[in-house]
Amino acid sequence: MGFTVNPLSPVLAAEVTGLDLSQPLGENLVAAIRQTWLEAGGLLVFPGQTLTTEQHIRFSESFGPLFGAEGQPPLQESVSKYLHPDHPEIYRVSNKMENGQPKGREGAGTYWHSDVSFRQTPPAASILHAIEIPETGGDTMFCNMTAAYEALSDTMKEIIAPLRAQHDFAQTAATQFAKHNVIDDDLHGANRAVHPVVRTHPDTGKKCLYVNPGMTTHLEGFHANESRALLDLLFAHATRPEFIYRHRYRQGDVVMWDNRSLMHYAIADYADQPRYMERTTGIGDRPV
Ligand code: OGA
Ligand code: MN
């Protein structure tokens, strides 16, 4: 089984056709997909996939262990009600109801972020299956933090090289998110870590910015106003249009992104049109 790669964006995204992800792929194909993913810049789209939840998990596990799998840590204590009832590897993003309860987290990720960056060991890949999508809207934007880093001046690279930043989901959820996206559980729990502002990607060896507006609270060692100004400068820079790809979903898309080198932003513009996505999250390395 071979596959075809079509670029979707020169900076970070490609579409892969010719693969049926419901079938076991084998080691060589998995290695080739991983290589394609890294070369494309961290985002692959596999259109038109019909997958059971088990098949989605199996495909995801071929790239490494998943949060929530047996013997692995859970994704995040406070999100357990948004996990698939039969498959704790699956985080559900949805505005739908099921048996009188939310079927998933509504308004997940409606701000620039890298998934659960407040963990000591944050994720490598997230793999999202678009099961039900609105007729219009509900796109996700992605930006390339390697390209953003590389476009900084040498002087700025020197300034930020030694810096460390705290990531704390509770603090940013309380102060920065739209109120309706925050639940009480977000404000509790040990969702905090300190990471380097510039990390070296363990697979590509390239440097990437690793701060994000959703979860990074402050830079260590600065006054609050200095930290705010420098973070805001980096965020404005990283989210310039030339570093962004905006994905418009078709039903059945499987989208695989690299949390080490990308940020993403879920656009909540679809009102009450139903949307249902299932996501797996692959365990990554401690950023260095
Ligand atoms: C996520 C997320 C993207 C979306 O699942 O990690 O941020 O568009 N959601 O639903
Ligand atoms: Mn996310």
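## The sheet and its edges

Strand E1 and strand E2 (residues 13–17) pair antiparallel, over 5 bridges. One of the bridges joins Val5 to its partner in E2, Val16. Helix H1 (residues 27–40) packs on the sheet here, touching E1, E2, strand E3 (43–46), E8 and strand E16 (254–258). The direction of H1 makes about 125° with that of E3. Bear in mind that this is a predicted model.

Zooming out, the open sheet has 8 strands in the order E1-E2-E3-E16-E8-E18-E5-E4, and the pairing is mixed. Strand E1 (4–9) and strand E4 (83–84) sit at the edges with a single partner strand each, so one side of each has no neighbour in the sheet. Then there's helix H2 (residues 53–61), which lies across E3, E4, strand E5 (87–94), E8, E16 and strand E18 (276–283). H2 runs at about 110° to E5.

## The manganese site

What coordinates the manganese ion (ligand 2)? The donors are His113 (NE2), Asp115 (OD) and His264 (NE2), at 2.1 Å. Along the chain they follow the spacing H-x1-D-x148-H. Asp115 comes from the loop between E7 and E8, while His264 is in strand E17 (residues 262–266), so the pair links distant parts of the chain, 149 residues apart. Both Asp115 and His264 are buried.

## Arg119 in the loop

Is Arg119 buried or exposed? Its relative accessibility is 17%, so Arg119 counts as buried, the cut-off being under 20%. Arg119 is in the loop between strand E7 (101–102) and strand E8 (123–132). Setting aside neighbours within four places in sequence, Arg119 contacts Phe67, Pro73, Pro74, Leu75, Gln76, Ala193 and His195.

Terms used. Residues are numbered from 1 along each chain as its sequence is written. Chains are lettered from A and ligands numbered from 1 in the order in which they are written. This is a predicted model: local features need pLDDT of at least 70, side-chain atom pairs count only at pLDDT 80 or more; totals for chains, interfaces and linings use all residues. Side-chain values use heavy atoms; hydrogens and water are left out. Helices (H or I, at least four residues) and strands (E, at least two) are DSSP runs, numbered from the N terminus. Buried means under 20% relative accessible area, exposed over 50%, partly exposed in between (1.4 Å probe, protein chains only). Contact means heavy atoms within 4.5 Å. Two strands pair if DSSP finds at least two bridges between them. Axes are lines fitted to C-alpha atoms, for helices over the stretch in contact, and angles run from 0 to 180 degrees between N-to-C directions. Donors are N, O and S atoms within 2.8 Å of the metal (3.2 Å for Na, K and Ca); water is not among the atoms, so sites may look incomplete.
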